[in-house]
Amino acid sequence: MTRDYPEVTMASDDFDLFREAISGTQKLKQDTVVHERKATRFKGEVIAEQKKQHQAEFYFSDEYVPDIDTNGTVNYVRPGADKYLAKQLRRGDYAPELILDMHGMNKETAKDELAALIHACKKQHVSCACIVHGIGERILKHKVPHYLVQHPDILAMHQAPLEYGGKGAILILVDLPQNLEFRR
């Protein structure tokens, strides 16, 4: 079935009116400009990664062996800080707001992630964080406290209470600027 549509015809008066309405116009010139993408975002990411890697290498050395016992309960308070901080961490007075799970990481990745965690704590004004290193072959269990002792922004650390991982985790207190108070 076909439909028949009536033919539309325009009077010559309509064409004349149209020509009169558009008289004086000019054809548009195509002047599209293609902007080049700048790689500043990528360059910034590379610089941030290099800075993070440099911080991790500077703060965390495998040769440095601090005088802390990693076979028993891990307990450390930075010299000059209140010794009561370790007891507060042990009792659970501080609740961690950030948690880093290190299961499956090697030592080099662990260094980078520890540096990133401490940087994130300072950036987000978080004073307490939990690092879950696991027990496994005890490589990270022994190395993580050695790395953390070397970092100047770590106030205290203690083996985590059971609710945060027990022997397979450490709670840390990060030194924040003086004008900010610790969150509990």
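This is a predicted model: local features need pLDDT of at least 70, side-chain atom pairs count only at pLDDT 80 or more; totals for chains, interfaces and linings use all residues.

Is Asp-153 buried or exposed? I found Asp-153 to be buried, at 18% relative accessibility; buried means under 20% relative accessible area, exposed over 50%, and partly exposed in between, with a 1.4 Å probe and protein chains only.

Residues are numbered from 1 along each chain as its sequence is written, and side-chain values use heavy atoms, with hydrogens and water left out.

**Entry 1: overall layout.** I listed five helices and five strands, in the order α-α-β-α-β-α-β-α-β-β. Helices (H or I, at least four residues) and strands (E, at least two) are DSSP runs, numbered from the N terminus. Of the 184 residues, 34% are buried.

**Entry 2: salt bridges.** My search of the whole structure gave five; the term asks for a side-chain nitrogen of Lys or Arg within 4 Å of a carboxyl oxygen of Asp or Glu. Asp-153 is in one of them, with Lys-122, the closest N and O atoms being 3.6 Å apart. This pair links distant parts of the chain: Lys-122 sits in helix α4, Asp-153 in the loop between α5 and β4, 31 residues apart. Lys-122 is partly exposed at 30%.

I then looked at Arg-78 and Asp-175, whose salt bridge has its closest N and O atoms 3.1 Å apart. Here 97 residues separate the partners, Arg-78 being in the loop between β1 and α3 and Asp-175 in the segment after β5.

Asp-16 and Arg-19 gave me a local case, at 3.8 Å from N to O. They are three residues apart in helix α1, so about one helical turn separates them.

**Entry 3: around β2.** β2 pairs with β3 in the parallel sense over four bridges; pairing takes at least two bridges found by DSSP. Asp-101 stands opposite Val-132 in β3.

What joins the side chains of His-103 and Asp-101? I noted a polar contact of 2.4 Å, the term being a pair of N or O atoms within 3.5 Å, where within protein one must be able to donate a hydrogen and the other to accept it, and residues adjacent in sequence count only if both atoms are side-chain atoms. His-103 lies in the loop between β2 and α4.
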